Amino acid sequence: MKEQKIIKILTLFYLIPFMLMIVFNTVNSLLRTTYFDLYQVMETARYKWDNPLTVLIASAGVIICFYFLMRAKWMKKIPIERLALVYSAVLCLFIVLLFRCVVTCDSGLISDIAIEFLQKNYQAFEQGEYLYRYSFQIGFAALLELIYQIFGVENFIVFQLINILCIVVILKMLGKITRELFEEESVGEIEAVLSMGMLPLFLFSTFVYGDIIGWSFGVSSIYFMIRYLKTDKWQNILKAAVLLSVGIVVKSNINILVVAAVIAVILHSIQKKNYKMLIWVVGIVLLSQCGTWIVNSVYVFRAGLSEYPKGIPKIAWIAMSMQEADEGGYACGWYNGYNWIVYGDNDFDRELTTQACMESLKESLNRFIHEQRYAVDFFYKKFTSQWNAPTFQAMITNEWNSRHVENLSSLAKFFIYGIGRDVLYQIMNIYHFFMFLCTGVYCLFLRKEWSLERAYFVLNIFGGFLFHMIWEAQSRYILGYFVLMLPLAAFGLNKILLKINIKKISFKKIYRKEIHESEGGKI
C-alpha cells in the first residue's frame, strides 16, 4: 500500500534517531553514570566511571531469573499484573510513611501561595511575585488549595496518597498499552514484572509536585490514542484530549504528548486517505488547553484581575538551557535562575525580555559554532545528566524534602544517608542499564515489526528527548519518558528469552541426534 509506505518512511525520520539515542545511552549507561552528592543546595550532576563487568553480570543474572520465572508453571496460576500493582502500591506507601517528606523549594513556595488563596490573599499575582513570573504553576497551586480546603492546611500525606494512586494508574495503563501494542501474553507478563523494579518512580511518591499526577493523565491519554489509531472511534480521541487537558493543568510539560497526538492523527489520516479526520487535530489542540483556560479564568475572577499574567517568555527557558548552571561546567543546561533574573532586569517587559534572551541565545550558539569541542562536551553532559542518571533525582529529592522532618527514624536515615542509599543506587543503576539494553533489542525490530501505533508510542519518548535538549535540563523531567519505555523493554526482553529458548531446543535436538546415531552404531 503506497500510503502505508509513505507513513512508514516519515516515521523513520524520528525512529532512526530514537534508535541511535537508545543505543548510545545503553553503552553510556554501561560505562558511565550520573549521580548527585548529598547535602547539595542546588542540583549539580556529577559523573563517574561505572563498573561494566558488575553491571553485565548482574544483567545476565536478571535475564536468567526471568527465563526460569517465565517458564515456571506456578507463574501461569497467579494474576501477575494485579500482583505487580498491589506490590507497587504497598512499596510506595512504605516509602511515604518512612520518609515523611515535607515541601521545599518551588513546591514549598506554591504551598504557601495555596494557603494565601484560602485566606483570599492573591498577592502572588502581583508584578514580580511568583505566579506573575511562573504563571504556568497555577494548576498545581489550585490543586493544593483544593486539598487544603478539604483535608486541612499542609496535609501532605493526602497529596502523597494521590501520588500512589496515580502511580498505580500509570502502571495499569502501561500494562494495557503493552497488550495493545504487542498482543502477546508473555510480553504483558514480562512488562508487569519489569514494572516492579521501577524504584525511581516509587521513590517520587513522596514528592509534593505535579509530576506524577500529570503523567498519570498523560499515559492514560496515550492509551486512548492507541485505541483510536486501531479502531478509528472518535470517542477514544475525545477521551485522550480531555485527559491531556487535565494533565496539562498540573504539569505543563504534558504538552509534549499533545504534539505527538497531533502528528499521529495527521499520519493516520494520510494512511486512511480520510482527510476529514484532520478535524481532530483542531479538537485535540483546543480541548487539551481548555483545562488551563478554565483554571486561569477562575483565578482571574477570584483575584479581580483584568487578565491572567502571561509570565516569563518561554524563550527564557531555551536561552537558559544553553548556559552552564555552575562554574565547574558540570550542570549544562540546568536551572541557574537566568529566566527569573532576566525578567526582573527588564522591568517585567516581555518584549525587552525576549530581546535579551535572543541575545543570550545568539552568544551561546556562536560559541557552539566556533568551539566545536566545547559544544560536544556541553550537549554530551546535558544529555548524560538527564538520561544517564539512574535515580532521576529521586534520592536527592527525598533527601531535600526530609531535611526538616523531626525525629526521622534510623531506617529512613539508613536509606537517605547511609549504606542503604548506596544499595538503592546500585539497584537503580543496574535496572537503568537493563531497561536501555532491552529497549535497544526492541529497536532491532523497529522496521521489521512496524505499525503506526508503535511508531506513535515511540514518538512520545523521542519528543521528550528532543524537547529537553533545547529546554531546561533535569533528570527528573526524563523519568516519565523512562517509565514509558517499559512496554518496549518488555518486548525486547521477550525476544531475548525466545532466543535463549530456541538455542536450548536446538542444542537438545543435536544432543539427541548424536545419542541416537551412537546407539544405532552399536547395533
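1. The second largest cavity is lined by Asp211, Trp215, Lys251, Asn253, Ile254, His468, Arg476, Tyr477 and Tyr481, where a cavity is a set of points on a 1 Å grid over the protein atoms alone at which a 1.4 Å probe fits but cannot get out, and lining residues have an atom within 4 Å of a point. Helix 10 and helix 22 are the elements that give two or more residues to this lining, and helix 22 supplies the largest share, three residues.

2. This is a predicted model, in which local features need pLDDT of at least 70 and side-chain atom pairs count only at pLDDT 80 or more, while totals for chains, interfaces and linings use all residues. Residues are numbered from 1 along each chain as its sequence is written, and side-chain values use heavy atoms, with hydrogens and water left out.

3. The second largest cavity holds about 60 Å³ of space, and the largest cavity has a volume of about 120 Å³, a volume being the space filled by probe spheres set on grid points that are joined across faces, edges and corners.

4. The largest cavity is lined by 13 residues, of which Leu201, Ile212, Trp215, Leu479 and Gly480 lie nearest its centre. Helix 22 (475-484) and helix 10 each supply at least two residues of that lining, with five residues, the largest share, coming from helix 22.

5. The axes of helix 10 (residues 211-231) and helix 11 (residues 234-250) come within 8 Å and cross at roughly 165 degrees. That makes helix 10 roughly antiparallel to helix 11, a term for angles over 145 degrees.

Methods
Axes fitted to C-alpha atoms, helices over the stretch in contact; angles between N-to-C directions. Helix = DSSP H or I, 4+ residues; strand = E, 2+ residues; numbered from the N terminus. Parallel < 35°, antiparallel > 145°, perpendicular 65-115°, else oblique. 1 Å grid on protein atoms, 1.4 Å probe; cavity = no way out; pocket = protein on both sides within 12 Å on 5 of 7 lines; lining within 4 Å.
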